[in-house]
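Colleague: Thanks for making time for this one. Could you walk me through the model, starting from the inside?

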Amino acid sequence: MATTTIETALSAALRERGQRVTPQRLGVARIIGRADRHVTAEQVFDEVGELMPGVSLPTVYATLELLRELGLVERVPTEGGAVVYDARMDDHHHLVCRRCGAIADVETDIGTAELMDAARAAGFTPLTTQVVVRGLCADCARA
Ligand SMILES: [Zn+2]
Ligand SMILES: [Zn+2]
């Protein structure tokens, strides 16, 4: 998603909630919007902190969660409980290494219609699907 779009959407949502539109909050949106990889809140915190000192980790967490509520970023299930965010919002799937925790997108156009159908049959209203393949990354498999 273009950086300006994600910042504009965040500003509108903050105003709607009566929260202040601060440079720090916009900085979080800018960093995650231009990240072409999967990032943790701590990584976003470090990068925003370099641009604008005074940002706090709770602000970063809260802003990322607001962006997630708005459907602008997604969380990737990980090993070990790290919370990893992804600004790529087209349906795509992930490879997660059980040893080192590396996360990579996997490009395939498998249909998820059957999965969505099964979800509906269980009384669930599906919005998105994300398949996670767990195993060993190439580096860990060699080791
Ligand atoms: Zn690995
Ligand atoms: Zn991804």
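Colleague: Which residues have the most contacts inside the largest nonpolar core?

Modeller: Keep in mind that this is a predicted model. In soluble globular proteins, nonpolar side chains tend to be buried together. Here the largest such core holds 23 residues, and those with the most contacts inside it are I32, V44, L64 and L67.

Colleague: Nice. Which helix gives the most to this core?

Modeller: Four helices, α1 (3-16), α2, α3 and α4, each supply at least two of the core residues. The top contributor, with five residues, is α2.

Colleague: What is the arc covered by the buried residues of α3 around the axis?

Modeller: The buried residues of α3 (residues 41-51) are A41, V44 and V48. An α-helix has 3.6 residues a turn, so residues three or four places apart point the same way. Accordingly, these three sit on the same side of α3, within an arc of only 60°.

Colleague: And which residues is L64 in contact with, leaving aside its neighbours within four places in sequence?

Modeller: Two of the buried residues of α3, A41 and V44, are on the list for L64.

Colleague: Last one: which protein donors does the zinc ion (ligand 2) have?

Modeller: In sequence the donor residues follow the spacing H-x47-D-x5-H-x1-H-x10-D. Two of them are buried, because H92 has 6% relative accessibility and H94 has 0%. At 2.0 to 2.3 Å from the zinc ion, the donors are H38 (NE2), D86 (OD), H92 (NE2), H94 (NE2) and D105 (OD).

Definitions and conventions:
Residues are numbered from 1 along each chain as its sequence is written. Chains are lettered from A and ligands numbered from 1 in the order in which they are written. This is a predicted model: local features need pLDDT of at least 70, side-chain atom pairs count only at pLDDT 80 or more; totals for chains, interfaces and linings use all residues. Side-chain values use heavy atoms; hydrogens and water are left out. Donors are N, O and S atoms within 2.8 Å of the metal (3.2 Å for Na, K and Ca); water is not among the atoms, so sites may look incomplete. Buried means under 20% relative accessible area, exposed over 50%, partly exposed in between (1.4 Å probe, protein chains only). The arc is that of the directions from the helix axis to the C-beta atoms. A nonpolar core is a set of buried Ala, Val, Leu, Ile, Met, Phe, Trp, Tyr and Cys residues joined through side-chain atoms within 4.5 Å. Contact means heavy atoms within 4.5 Å.
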